[in-house]
Structures are given as structure tokens and as C-alpha cells.
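Here is a short note for a colleague opening this structure for the first time.

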Amino acid sequence: MTPVLSGGEIILWEFLGTAVLLLFGVGVVANVILPRSNQDGDTAPWVLIVIGWGVGVFAGASIANPTGGHINPAVTLGLAIAGKTPWANVPFYLIGQFLGAFVGASLAWLLYKLQFDHNHEQNTETVGIFATNPPIKKPVWNLVSETIATFVLLLFLLQAPYDSPANYAAVTALVVGIGAALGGPTGYAINPARDLGPRAAYAVLPIPGKGTADWGYAWVPIVGPFLGAALAALVALVVPAYS
């Protein structure tokens, strides 16, 4: 059972947990993509990326355990629809998550600043380090991909106990599996804060030679995860979890 916390406490723990998630997530992608990192030239970059994001989920959710370890606005929405999170607390979760995502992505940039500076010479695209950037940009189909992947995540969370560090390992494995099996079409945001916070950070950080933040696509990794979460919550209400 998640303890009763004040709005400020919810914001703080979700901020810290989401910041760590994005520090790991943006960091692992930077490690794979940017030149002059110790992972430059790795032969299995996608494997490293899905593992890095999965471990980020474990670390971030464990840190945010006092609030139930949501670290994802889609998770918060799904739990609220299913009656497992009070609607009055939802704004506090979202504030902490989006702010944490922005700060975590900024910390990853700071950690890899030398590589970002060197990348100006290589002209390697960098928006994909921060935000999802589908290889085939068809917003309607990209929306379908994000909806399905998030539906799977939320259906699992709503049918299984989640708010305990002992259970975050299972969620980590699921996120790794989603990345490996379902993540190719869009880069599997499955988390509106995971995309919007880093995209905003990319837009304002002094990254040499950076391109556009591609705000025209930004609605897809927001709407898709929220839609998938809502659908999963409705299914969970019809088919309750076993006691």
C-alpha cells in the first residue's frame, strides 16, 4: 500500500526517480551514438540501449518507491482510472515526472558534454539521443505502436503488484522485452515525460550543431502512451486482478 504523502513529497520523489530514469536512458543512448565514448563502435547498440533503459526503470522506480514508483505519467493515469491512485494526487505526480525528466536529460548532457562538443565535427544527429525519432515517420501508425506498447506495460502493472522494490525487477524485465520486441517502430517512449522532458531539454541546451527538436512529432509519444494506459485501465476494470 502506498503511504499517504503530501503533494510536495509526491513531487519530490517522482522528480528524483524520473530524473534517474532519464539520466540512465539518455545516457545509454548518448554512449552508443556519440563519437569518442568508450562504447563507440559497439556491435549491438540496441541491446545496450534496452538494457540501459530497463536498469533506469529499476533504479528510478526504486528511488520513487515512497510514491509507488510511477515515474511515468501514463502509469499514473492508468492507476487513477483503475481507482488505485487518487485523482487529486495526479497533478503532483505529473509535475514531478515532467520536471524530473527535463533535469535527468540535462544531467546526461552534462555528463557527455565533451562527446557532444566533439560530435559537432562528426555531424551525427543528436535529437534521437533525447527524444524518440521513428525511422519511418507516419504519425498515425507511430501512434498505434506507442499505444500497443504502453497497453502491454500498463496491463501488466494493473494485474500485478508493483509498488515494491522486489517487484521492480519484473517490470525492468518487461521494459527490456518491450524495447527488444516492440520498440523498433518508434523507439518506445511508453512514457510521455520520457519524451517531452528530454525534448524540451534538447531545445534549450547549448549543444553544438544541434538540429530541430521536431515538435511536430512530439504529440505522438504523449497521446499514444496515455491512450494505451487508458485502454489497459478499462480492461483491468472489466477483468479485475486475481486476489
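**Notes on a pocket and a helix pair**

1. Start with α2, which contributes the most residues to the lining of the second largest pocket: three. Keep in mind that this is a predicted model.

2. How big is that pocket? The second largest pocket has a volume of about 260 Å³. Its lining is made up of 17 residues. Closest to the centre are V29, W46, G128, N133 and G187.

3. Which elements give two or more residues to this lining? They are α1 (7-33), α2 (45-63) and α6 (127-130).

4. Look at the lining by class. Ten residues are nonpolar, five are polar and two are charged.

5. Now turn to the helix pair. Two packed helices are described by the angle between their axes and the distance between the axes. For helix α3 (residues 73-81) and helix α7 (residues 139-159), the angle is about 50 degrees, and the axes lie 10 Å apart.

6. The crossing of α3 past α7 is right-handed. On the α3 side, the contact is made by A74, V75, G78 and L79. On the α7 side, T150, L154, L157 and L158 make the contact.

7. What classes of residue meet there? The contact of α3 with α7 has six nonpolar and two polar residues, and no charged ones.

Technical notes
Residues numbered from 1 in each chain as written. Predicted model: local features only at pLDDT ≥ 70, side-chain atom pairs only at ≥ 80, totals over all residues. Heavy atoms only, no water. 1 Å grid on protein atoms, 1.4 Å probe; cavity = no way out; pocket = protein on both sides within 12 Å on 5 of 7 lines; lining within 4 Å. Points joined across faces, edges and corners; volume = space filled by probe spheres on them. Helix = DSSP H or I, 4+ residues; strand = E, 2+ residues; numbered from the N terminus. Nonpolar A, V, L, I, M, F, W, Y, C, P; charged D, E, K, R; others polar. Axes fitted to C-alpha atoms, helices over the stretch in contact; angles between N-to-C directions. Left-handed = near helix turned anticlockwise from the far one by under 90°. Contact = heavy atoms within 4.5 Å.
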